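We will go stop by stop.

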Amino acid sequence: MKKVKRFSIDTLITAFSVIMVLYHLLYTQTLILGPIEHQNMHILLAEILLILISWKKSGSIKNPTLRLFTRLLFICLLIAAIVSCSYVFVNFRALEHRIGMNTSSDIVIGVIFCVVMLVLCREHVGNVLPILAIVFALYTQFGHLLDGMLWHFKIPFSSAISKYSIGFSGIFGSSMSISADYIFLFMVFGSFLSVSGGTKFFVEIGKLIGRRSASGPGMTATISCALVGMVTGSGMANVSICGPFCVPMMRNVGYSDKQTSGILTTAATGALLVPPMMGVVAFVMADYIGIPYVRICMISVLPCLLYYLCIAVYVIIAARKNGIKKLEGDVQTSAKEIFGTCYLFFIPLAEIIFLLIRGYSLRMISFIICVTTFVLSYIRKDTRKSFKEWANACADGAISGAGIAVACGMIGIVLACFDITGLGLKFPSMIETIANGSLLIALLLVALITIILGCGIPPFASYMIVAMMCAPVLVSLGCTTLQAHYFIFLFTVFGQMTPPVAITAVAAAPLCNVSYLTAGVEAVKCGWLAWIMPFFIIWCPMLIFESTDYLYGFVALLGCLMLIIAWQAAFLGHLKTSMRFMERLLLLVSGFLFCIFEFAQGVASYVWFAAGAVLFLLIYIGQMSKAKKIRVQMSEA
């Protein structure tokens, strides 16, 4: 009997997900509803789907009384979600005319909207974002009792609720618009690509390169995560796709559990940096600052390459230190199979690039690539999937998209609090006062705020909140708008692997038999460039193509490459062979000189580069000579 119940709820979830996906695909082609009504429908469908998921999870509660109570709560939530959204549909025109002058019934519905959204966000996204929304809502109600810069005029409860929801702002804000219009379908596209075999293509490419690299499985994990990240845009998804086959291979050839966890965590987190998905933050950023999405993808190329180069150098040096060789023949890959299915990814990717350049909307592009991926899967017999498999893909994409929808609702409430209380104007002033005109101090403060928020909430949510609070300060202190927002974006990404939360490490640690904290600390060692690179783009804007000083940009890029090699070798105590303490110390000094060059200005800065390069080359040549002597001694023996 239990199996029947589980099957029935799974079937209901899948069927409802298919309906939700079909609605969003249809909306891209014909405006069935107005923009606000479409958001309302998106919220209703997302809430119902998440309630069904919660109902399924409640089946694992062993205590019958607690299970019954939990399911009664979900029934109440379902009724509340349907009633509140239906109220908006029925009274939409009247609500438009009485924004700010809402009736008692409007306020009650507004409160229900907020409560349902808050409960579902806590259930499916985590505690941090709902707590943040509650804290700011309390500040909105009681901030008039505070002194100093945090004081604001008393705001009536009805006005606050109107701003949060029923007045068509807050929950019905820009963040929900982005979620409803195209982020949802991009999540579905990722699921479609996965079920059609697109992610398998990336994994096989990683294996193929790993077999030809001395660093073996470590390089396989790095490259596979980078390629899979192009379509998942999620560190957790990367761990689940690449981890099961990469971790056993890395262990078998000699990587320690700590090194394995660090490589997997760092490489998986980089998914949020790899165009075109970029954890959907790229879509949010493009909409927020009003620049083409394709430009966000273009400026991410160099930072992404440098980040993965940092991981690759760690992998190569760790392999040398542990005596790891290439993958042996037991790991089978077929080049014919790889290149026979590559069209499943490259045609949709080419479509995205072409349509963006032609000026198509992201909403239309999301429809085209979903349909294209579905059609392409039927070219080869082995990639043709059953209706059930496609329905399950719809469910996977819809569940991800629904989670983003309720998170966007919470973000909308937080942003509404900033607007109604004036905190959005006060907060930048507070940071500027603390920084006392120093750009470096302001950047450090913004980085700290972003990392703390990034530890507990999704990257796009962290980005939107910090961008609202802090980006104006950085712009006022001399950064360009793009630099300020990209700086914040990078730290929201790397917050995902930053202890003590390190959400990607939480997923990777069980696979590697280490604690998540160990995985997070090792990830910091492996991908330390992540915490320096955001500062580089401020003082060396050529890294995001914001400068025309090509000579300085080229030298800065060269400096970054030598910095990566120098510090990874120094941290691991190995380059061509094992290193003495003095050699490691000199490489650290060399790296600091490269950092000074990156931050310095003018012709004199090249002196720092030259000094670092000379020091680095001396150690490198010495290591080569030492390694050659060891080889000669081994051959003679």
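Keep in mind that the model is predicted.

**Domains.** Select residues 9-141 together with 155-176: that is domain 1 in the domain assignment. Now colour 547-627, which is domain 2. The centres of domain 1 and domain 2, taken over C-alpha atoms, are 53 Å apart.

**Core.** Next, show Leu129, Phe460, Tyr463, Phe487, Phe489 and Phe494. In the largest nonpolar core, which has 224 residues, these touch the most other members. Then select helix H19, residues 387-421. H19 gives this core its largest share, 19 residues. Domain 1 and domain 2 both contribute residues too, so the core lies between them.

Zoom in on phenylalanine 489. Which residues does it contact, leaving aside neighbours within four places in sequence? They are Leu272, Leu273, Met278, Val281, Met285 and Tyr463.

**Helix H10.** Select residues 217-232. Of the 16 residues in H10, 15 are buried, so the helix is largely enclosed by the rest of the structure. Step just past H10 to glycine 233, where phi is positive, about 60 degrees.

**Two loops.** Go to asparagine 513, in the loop between helix H24 (503-512) and helix H25 (516-526). Its phi is positive, about 60 degrees, although it is not a glycine. Asparagine 513 counts as exposed because its relative accessibility is 57%.

Finish at phenylalanine 545, in the loop between helix H26 (533-539) and helix H27 (550-572). Here phi is near 55 degrees, again a positive value in a residue other than glycine. At 41% relative accessibility, phenylalanine 545 counts as partly exposed.

Terms used:
Residues are numbered from 1 along each chain as its sequence is written. This is a predicted model: local features need pLDDT of at least 70, side-chain atom pairs count only at pLDDT 80 or more; totals for chains, interfaces and linings use all residues. Side-chain values use heavy atoms; hydrogens and water are left out. A nonpolar core is a set of buried Ala, Val, Leu, Ile, Met, Phe, Trp, Tyr and Cys residues joined through side-chain atoms within 4.5 Å. Buried means under 20% relative accessible area, exposed over 50%, partly exposed in between (1.4 Å probe, protein chains only). Helices (H or I, at least four residues) and strands (E, at least two) are DSSP runs, numbered from the N terminus. Domain bounds come from an automatic or database domain assignment. Contact means heavy atoms within 4.5 Å.
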